Amino acid sequence: MKRKAISLLSGGLDSVLATKIVLSQGIEVVGLHFTSPFSSKREKERGLQAVRSSEELGIKLIIKEKESDYIDIIKKPRYGYGKNMNPCIDCRIYMLKKTKDIMEEEDAGFVITGEVLGQRPMSQRRDTINIIERESGLAGLILRPLSAMLFPPSMPEKEGIVDRSRLFDITGRSRAIQYELASKFKLSEFGCPGGGCLLTDPIFSRKLKDLFQHDTSFTMDDIVLLSIGRHFRLNEKIKVIVGRNKAENDMLCSLDKDAYSLVLPLGFTGPMALIKGNPDESDLDIIGNIIAYFSKYPNDTIDIEIRDKKTRVFTAKKRLLDLDMIKI
Ligand code: SF4
C-alpha cells in the first residue's frame, strides 16, 4: 500500500486535525474539498477556509463540485433523510465514491476522514459508519484518526504505514480534546463546526421539497434561487420569488433567462420578482399585489412590468392577500 492518503478536508476542526495527525507520521496527504449548491454562505466561506487550512498544513488541495448526480441522491436517498432534506448517509457514500476515483488518479493508498464516533446522529453512528464504508467500496481503506482506537484497525494500520498507537479514541459531540490537540499541533486555520449544509435547514428544505414536487425539469439555477428571496407558490404551475434587498433584486435580474419572467414595479419603488411558469391575468394580479405589499404602495392600482420574451405592462387591482397561504 502507498504511503499516500486523500483527506476529506472540509476546513473544519476535525478534518484539519485528522489530516495533521497523519501528516505528523511522515505520510504524504492530498486534501479533497467538496462544494455544492447546497453549501450555506458560511460553508462557502469555509471553502476558502479549506484553502487556508491546506496552506497551513502544507498540502495540495483538490476542490470538487458535487455534480448533477448528487441531485438524484437528494431526491431519492436509499437510506432516507435526517431531520430535514439532508440525506447524510447517502451523501457520505457519494463523497467517498468520488474520493475513490481521486485516490486512483492520485495513486494514493487510503482515505482520511475527520469522523468522530457518536458526533452526528445520522452519519457518525457505528452502524451507519459501517454501511457508508461498505457501500463506498472503500472497506478497510478509511482511516479515522480521531476515533480510530474505537474501530478495528484499518489496512494502513495493519500494514504498519500508520502507527495505531498515535491515533485517538474520541467520541461524542464535545470538541474539548480536539481543541487541545489543535493547540498542541499549533493549528489555527480551521472553521467553526456545523451549520454549513442548507439541506439541514428547515426553511430551505421546505423550498426544496416544493421544487421536487412541482418541477420535474428544474435546473441548477432553480436550486441556486432557493436561497434567494421570499418564495410563493401560487398554484401547481406558478412560483414567484420576491427580492428582499437590492443585492437579491440584482441576483434575480441576473437569472432572468428563458425559463423565468422578471417583474418590476412601474412608477414606484419596490422589490423585483421572478416568475417560474406562464402566468395568466389572475396570477399577475396576485404578483402585483405581493410586490405592492412589500413596498407598502398606497394606491388602488398597481402597475408592473413583465419582461419575458416581450415586455408588457399589467395593472393589478389592490386587494388584501393572505400571504401565509401561498408562502413556501
Ligand atoms: S450535512 Fe449535508 S453535506 Fe453533511 S453529510 Fe449531511 S447532507 Fe451531506
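Guide: A residue counts as near a molecule or strand if its C-beta atom, placed from the backbone, lies within 6 Å of it. The ligand is surrounded by Asn86, Pro87, Cys88, Cys91, Arg92, Ser123, Cys197, Leu199 and Thr200. This shell divides into five nonpolar residues, three polar ones and one charged. In that division Ala, Val, Leu, Ile, Met, Phe, Trp, Tyr, Cys and Pro count as nonpolar, Asp, Glu, Lys and Arg as charged, and the others, Gly among them, as polar.

The model is predicted, and local features need pLDDT of at least 70, while side-chain atom pairs count only at pLDDT 80 or more and totals for chains, interfaces and linings use all residues. Residues are numbered from 1 along each chain as its sequence is written.

Next comes the helix that holds some of these residues. Helices (H or I, at least four residues) and strands (E, at least two) are DSSP runs, numbered from the N terminus. Helix H4 covers residues 88-106. H4 has 19 residues and reaches 26 Å from its first C-alpha to its last, close to the 27 Å expected at 1.5 Å a residue; the expected span is 1.5 Å times one less than the number of residues.

Cys88, Cys91 and Arg92 of the ligand shell are also among the buried residues of H4. A residue is buried if 20 or more other C-beta atoms lie within 10 Å of its own, exposed if 12 or fewer, and partly exposed in between, with C-beta atoms placed from the backbone. The buried residues of H4 pack against E1, E2, helix H3 (69-75), E4 and helix H5 (126-135). Contact here requires C-beta atoms, placed from the backbone, within 7 Å. Just after H4, aspartate 107 has a positive phi of about 55 degrees.

E1, E2 and E4 belong to an open sheet of five strands, in the order E3-E2-E1-E4-E5, with parallel pairing. Strand E3 (60-65) and strand E5 (142-143) stand at the edges with a single partner strand each, so one side of each is left without a neighbour in the sheet. Two strands pair if DSSP finds at least two bridges between them. Strand E1 (residues 4-8) runs parallel to strand E2 (residues 28-35), and five bridges join them. One of the bridged residues is serine 7, whose partner in E2 is glycine 31.

Helix H1 (residues 13-23) touches E1, E2, strand E4 (110-112) and E5, and its direction makes about 170 degrees with that of E1. H4 touches E1, E2, E3 and E4, at about 150 degrees to the direction of E1. The axes are lines fitted to C-alpha atoms, for helices over the stretch in contact, and angles run from 0 to 180 degrees between N-to-C directions.

Leucine 262 has leucine 274 as its bridge partner in E9. E8 is also joined by four bridges to strand E10 (residues 301-307), again running antiparallel. There, leucine 264 is bridged to glutamate 305 of E10.

Helix H11 (residues 281-295) has 15 residues and reaches 21 Å from its first C-alpha to its last, close to the 21 Å expected. Its buried residues are Leu284, Ile286, Ile287, Gly288, Ile290, Ile291 and Ala292. What covers them includes strand E6 (230-233), strand E7 (239-242), E8, E9, E10 and E11. In the loop between H11 and E10 is lysine 296, with a positive phi of about 55 degrees just after H11. Lysine 296 counts as exposed, with 9 C-beta neighbours inside 10 Å.

Lastly, the chain as a whole has twelve helices and eleven strands. Its C-alpha atoms fill a box of roughly 80 × 35 × 35 Å, taken along the principal axes. Buried residues make up 40% of its 328 residues. Among contacts between residues at least 6 apart in sequence, 63% join residues at least 24 apart.

Methods. Contact = placed C-beta atoms within 7 Å.
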